[in-house]
Amino acid sequence: MMRLAAGLGRTYRLPPPTLLQHVTENRPQTASIVVQHHYRRFATGRTSLGHIHSRGNWAFQNCRHAWGSQCRQLATNQSQSTLRKSPFRRRPLQRAFRQSGSGQWPAAEEAATKGTAGHSSTNQNDSQSVSSKMLESAATALASLLVLGTGFGLGGYLYHRFYKWLVLHKMEGAFEPGDPVLELAAIGKQVPNTIASGGPPGDDHWILRDEQAKIDAIVNGTDRGHYHLLIGEKGTGKSSMLLDAMKKVDGEGISMFETHADLEIFRVRLGKALDFEFHEDYIGSYFSERGPRDSTALLDIERAFNKLEKVALKRRRRVGKPLVLIINAVHLLRDDEDGRDLLELLQQRAEQWAASNLVTVVFNSDDYWVYERLKVLATRMEVTAITDLPKGQALNALAKYRQKYFNETPTSEILAEVYNRVGGRLTFLNRVAKSVDMLETCDEIIDTERRWFLNQCWILGMEMDDDVMDQQKYASAAMVLALALVKAEREQQDHPAPDGSHNIPQIPLHTARYIMTRADFIKEYDHVNLFTITSKAFVRADSVPMQRAFKTICEEPGFEDHLEKTLQRIGDIESLGRTREIVAKDLVLGGKYKISMSDGARRGEKVTEVILEQPPEDDDDKDEK
């Protein structure tokens, strides 16, 4: 074997120990047979070097052991490149073959002594080699799958954990100082947007309302353990007080958004206020059949509140104050099944958070029906009614505004007349304060309210067509109620308010329904700002200009007679609708119907029988027949 390795080493320019190692360590019996068979043919000149290389491939394919691969690598990569550089010399290999004595390679002699046992051992080793290769391939594939699965699973888990942390972190940022609502409210400008707001920094407020201290305590987190409903007519200053309270704490721990009747839009606005995306940016939804957003808007709102609850718990441990969530214009929700479900969900969360001092929810509404719905399940709700300004505050604010921005000092008579015409409603006082002629603006406001009422509820009289009866029922009921309020105002003129403020006449809600003979119209009147229902269930005109519009309309000549004729026409149309006509036919020459009542088949049952009776025929008629 040594001589064989030495001879081959000299032939292929390889170190003998290297070739000997590959020959002896990798199945020497089979290797010796292959080397003896092919290299003897090469030594005697009966084959070429290329044939030996091809047989090396054959040896690898048939023997299936490591020697074939190593032989090809040695012969192809090293020996062949060496042979290209210098001529191949056969003489050392032939000399090594002759020195073997028997004309055979030494390894062949050893292999021949083993005989058939060597061949059977080779077959057995081949089968074991195939099995080991299959097991090795299977183990490699399994390990690859485990590595890939572990990598994907660990990456997905880490992303999921990061996404959940990011959601809470973004929601915490929504309650940091600097709420976007304050920027949109245009507070802090050189000229205030309302006379209830302050001027430049350092100036006092034009109007410091009595309710402002309570609103400040709610917004800054001092007032805890309750949720609140602010209710009042449109334009009384509810939102202005909330924004002013938010400005004092720079919106820290507060979030505010506007309600919408559509639940999907409500969901989007809630998500914007809380900086919550409702899992719409979650990449993991691409790998699931049903994504987290495959749900209704109500379920999305519930998910947002679950996240908000976690943020509130964390803040309570760190700061010790509850968050404040302000839901503005709740009356814009529809009074239907979807709107009631949403309002019930909001109230349940408000009750739960108020009990645990996590979040203080503030509802802001113009309409009474919201209070009616919340009153059913309320245990921790506080109601704050925001009304018009009293006379003293309204005149003082109006005078300050005119003095500072118009350099004008109105007389007390003009200020009193302004208050008598438009009252203490902030939205009207703002228009009057910014106008050149204040009294003319007051008249325009009254005329606008009068035309709005007539466009909604004017009556058509006796000439009314029966096709418009339903609308006329709605209009006539409003006119009847307006006439009742005008009469009530006449009766209470002898009892003015102690401070000179307007004492708008009001009627209890149940009495108003009795006067109208309808119970369903009053909420619609409240929604379109014709009448208002207070938190104490009293009905009155929506504002002082509207009450003056009622008085102007009802004092027109012939109004009551016109209203009476309209009501009479409505009654006649309803009577015609309840009347049924019976047309009798086949009555000739004195025939008649006989109607009688008789007992039915069952006890106590009465049956109406109609019998046609014909007169007897004369003899002349019989002869003609």
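# Strands and helices in a predicted model

Trainee: In E8, which residue is the bridge partner of threonine 532?

Mentor: This is a predicted model, in which local features need pLDDT of at least 70 and side-chain atom pairs count only at pLDDT 80 or more, while totals for chains, interfaces and linings use all residues. Residues are numbered from 1 along each chain as its sequence is written, and side-chain values use heavy atoms, leaving out hydrogens and water. Helices (H or I, at least four residues) and strands (E, at least two) are DSSP runs, numbered from the N terminus. In E8, threonine 532 has as its bridge partner arginine 540.

Trainee: How many bridges join E7 to strand E8?

Mentor: Two strands pair if DSSP finds at least two bridges between them. E7 and E8 (residues 538-541) run antiparallel, and the number of bridges joining them is three.

Trainee: Which are the edge strands of the open sheet?

Mentor: The sheet has three strands in the order E6-E8-E7, with antiparallel pairing. Each edge strand pairs on one side only; these are E6 (506-508) and E7 (531-533).

Trainee: How far apart are the end C-alpha atoms of helix H13?

Mentor: The expected span of a helix is 1.5 Å times one less than its number of residues. For the 22 residues of H13 (residues 297-318) the span should therefore be 32 Å, and this agrees with the distance between the end C-alpha atoms, 32 Å.
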